[in-house]
Amino acid sequence: MNKISPRLTLFALAINAFAIGSTEFISVGLLPMIVKSFNISLSQAGLTVSLYALGVTIGAPLLTILTEWSRHSLMLGIMTLFIIGNLLAAFAPFFAILLLGRILAALAHGIFMSISTVIAADVVEPSRRASAIAIMFTGLTVATVTGVPLGTFIGQQTSWNMSFIFIATVGLIGLIADYFLIPKSLPIPGKVDLHGFIRIFTNKPLVLSFLITAFGYGGTFAAYTYLSPLLEGVGFSANAIVIILVIYGVMVAIGNTLGGRFANTNPLNSLIKMFELLMTTLLFLFVAVLANNGILTLLASILLGLFAFMNVPGLQLYVVQLAEK
């Protein structure tokens, strides 16, 4: 059997990353439709985002510990769970079933982020590992720019159910790509040392970095979750919101790239400045919405895209540096 090209393996991972990235925030653009469909409050509809995040945070690490499959089989299992979760959400007769579907997709998301990085690093030479991981993560960036707005547009033109069917279809393409393009010869992951978790949570600098991540992104995700209703509330149409989400995604890509360059030399100092800019932007958005000013809300939303995830590369580098020490 011919050896699978690393480029093709990375392409398969990028397709999966696109599907995962699209489903993470898809309900953001669908909140108004979900509210009307299930006759629930906006805060209840927001659970489709918060419970998803909780599923990634808590469930995925536990499942990663319990999993001892080969990486090829594991990726097939991950994407199968992902597809089931999104189909369950698409055909949910009750809001509780929609939430269950979101949680299942979240579990797949969390394990994917752990395993896909390892696969990307394993299929290339050691000197190209960082580049390989970056290629794989382009799927997430493309999803932010196109996947979420496209899913929102599909929901607006048909129904929110079709948006989840669209994502499940992308997941199916990713599953097929995994079957043919991820090598079956990759090593089986070893058992996770539970004592390692204890060592991590007794290391104060590492715990502090986790708290920075949690609180730093808490405000960002809260704002982004309700961005569509906020824009709708200040007078923007459904079609205009789709365009704004595309612009938001482009700004995220730009911010990510700039953030990586800024954090190369001194990540901690760069992170402080980035979080200051993010805090200022969130306050600006709050004032703009409070004033019911569409132009200022639009400007604040675009700036939020620029600064929302600018600190991701710096945070990752800072945690790696702490772990090395």
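**Exercise 1. How many residues has H12, and how far does H12 reach from its first C-alpha to its last?**

Start with the ground rules. This is a predicted model, in which local features need pLDDT of at least 70, side-chain atom pairs count only at pLDDT 80 or more, and totals for chains, interfaces and linings use all residues. Residues are numbered from 1 along each chain as its sequence is written, and side-chain values use heavy atoms, with hydrogens and water left out.

Step 1. Helices are DSSP runs (H or I, at least four residues), as are strands (E, at least two), numbered from the N terminus.

Step 2. H12 has 24 residues.

Step 3. The expected span of a helix is 1.5 Å times one less than its number of residues. For H12 that gives 34 Å, and the helix reaches 34 Å from first C-alpha to last.

**Exercise 2. Find the buried residues of H12.**

Step 1. Read off the residues. Pro267, Ser270, Leu271, Met274, Phe275, Leu278, Thr281, Leu285 and Ala288 are buried.

Step 2. Recall the helix geometry. An α-helix has 3.6 residues a turn, so residues three or four places apart point the same way.

**Exercise 3. Check the span of H1, then locate its kink.**

Step 1. H1 has 33 residues, which should span 48 Å at 1.5 Å a residue.

Step 2. The end C-alpha atoms of H1 are 45 Å apart, in agreement with that span.

Step 3. Look for a bend, the angle between axes fitted to the seven residues ending at a residue and the seven starting there. H1 has a kink of about 65° at Leu30, shortly before the proline Pro32.

**Exercise 4. Describe how H1 meets H9.**

Step 1. Two packed helices are described by the angle between their axes and the distance between the axes. Axes are lines fitted to C-alpha atoms, for helices over the stretch in contact, and angles run from 0 to 180 degrees between N-to-C directions.

Step 2. The axes of H1 (residues 6-38) and H9 (residues 204-225) come within 9 Å and cross at roughly 45°.

Step 3. H1 is therefore oblique to H9. The classes are roughly parallel (under 35 degrees), roughly antiparallel (over 145), roughly perpendicular (65 to 115) and oblique (the rest).

Step 4. Contact means heavy atoms within 4.5 Å. H1 supplies Glu24, Phe25, Val28 and Leu31, while H9 supplies Phe221, Tyr224 and Thr225.

**Exercise 5. Is Thr9 buried or exposed?**

Step 1. Thr9 sits in helix H1.

Step 2. Its relative accessibility is 0%, so Thr9 is buried.

Step 3. Leave aside neighbours within four places in sequence. Thr9 is then in contact with Ile4, Ile119, Val123, Leu181, Ile182 and Pro183.

**Exercise 6. Examine phi at Asn39 and Asn292.**

Step 1. Most residues other than glycine have a negative phi.

Step 2. Asn39 has a positive phi, near 55°. Asn39 is in the loop between H1 and H2 (42-45). With a relative accessible area of 70%, Asn39 is exposed.

Step 3. Asn292 also has a positive phi, near 55°. Its place is the loop between H12 (267-290) and H13 (294-308). At 52% relative accessibility, Asn292 counts as exposed.

Notes
Buried means under 20% relative accessible area, exposed over 50%, partly exposed in between (1.4 Å probe, protein chains only).
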